[in-house]
Amino acid sequence: MKMEEFSLLINNNEIIIEVGKSLAKSINKNILGEKLLDNFEIKHPKFVRDASNLNNYTGNIISLIYIDNRALRLRGVINKINGGYYTFNGTLWASDTSVLNMLNLTLSDFSPLDPTPDYILLLDTKERAFSQSVDLTRNLQQLRDKLERSIRSRITELEVTNRALEKSKIASDNLARQ
């Protein structure tokens, strides 16, 4: 059986017997032969009463959170297959490339059909664009404040000039009357 990048093969005793290549790389330790629930916490769906029985999770979208590194979050489906085995087929659940760095992963560790890298890059691009817009807004506000100070300074200069002109005109009128 070909394992997808972030998949697990689990036997009927809930022992992990095979791990996808990218998942193994991100875990960075051998978990083969260990119980699933000794390594991962299962989140979703909330209605499952017996979390120790994988049958209760089959067919539902779930999240697996790696206990030793909670940044490693997987989202996918557990399915029961022939012989009492279960597969977890999923992908990394991340929202930025910093998670990839923390897990020692690159975009090439994903299946070509997996939209997660596109999603991560889209969110990173959005975050950069937002950060740049915040910087541009701050710069624009500083320029606006500088312009307002300059205008107030010019108005003050004009008021001083107008008063001087008025005094000059009054003095000129007084001289003309004499």
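A residue counts as buried when its relative accessible area is under 20%, as exposed when that area is over 50%, and as partly exposed in between. This definition is applied here to a predicted model.

Phe40 and Tyr66 are both buried. Aromatic pairs in the model number 3. In one of them, the ring centres of Phe40 and Tyr66 lie 5.4 Å apart, and the ring planes meet at 50°, so this pair is classed as tilted. The two residues come from distant parts of the chain. Phe40 belongs to strand S3 (residues 40-43), while Tyr66 belongs to strand S4 (residues 61-66).

Trp93 and Tyr119 form a stacked aromatic pair. Their centres are 6.5 Å apart, with 20° between the planes. This pair, too, links distant parts of the chain, with partners 26 residues apart. Trp93 sits in the loop between strand S6 (85-92) and helix H3 (97-102). Tyr119 is in helix H4 (residues 116-177). Trp93 has a relative accessibility of 43%, so Trp93 counts as partly exposed. Tyr119 is also partly exposed, at 39% relative accessible area. Trp93 has a charged neighbour as well: Arg75 lies over the face of its ring, 4.8 Å from the ring centre.

Ile81 is located in strand S5 (residues 73-81). Its relative accessibility is 31%, and Ile81 therefore counts as partly exposed.

Conventions
Residues numbered from 1 in each chain as written. Predicted model: local features only at pLDDT ≥ 70, side-chain atom pairs only at ≥ 80, totals over all residues. Heavy atoms only, no water. Helix = DSSP H or I, 4+ residues; strand = E, 2+ residues; numbered from the N terminus. Buried < 20%, exposed > 50% of the residue type's maximum accessible area, 1.4 Å probe, protein only. Phe/Tyr/Trp six-rings, centres within 6.5 Å; stacked < 30°, edge-to-face > 60°. Lys NZ or Arg CZ within 6 Å of the ring centre and 35° of its normal.
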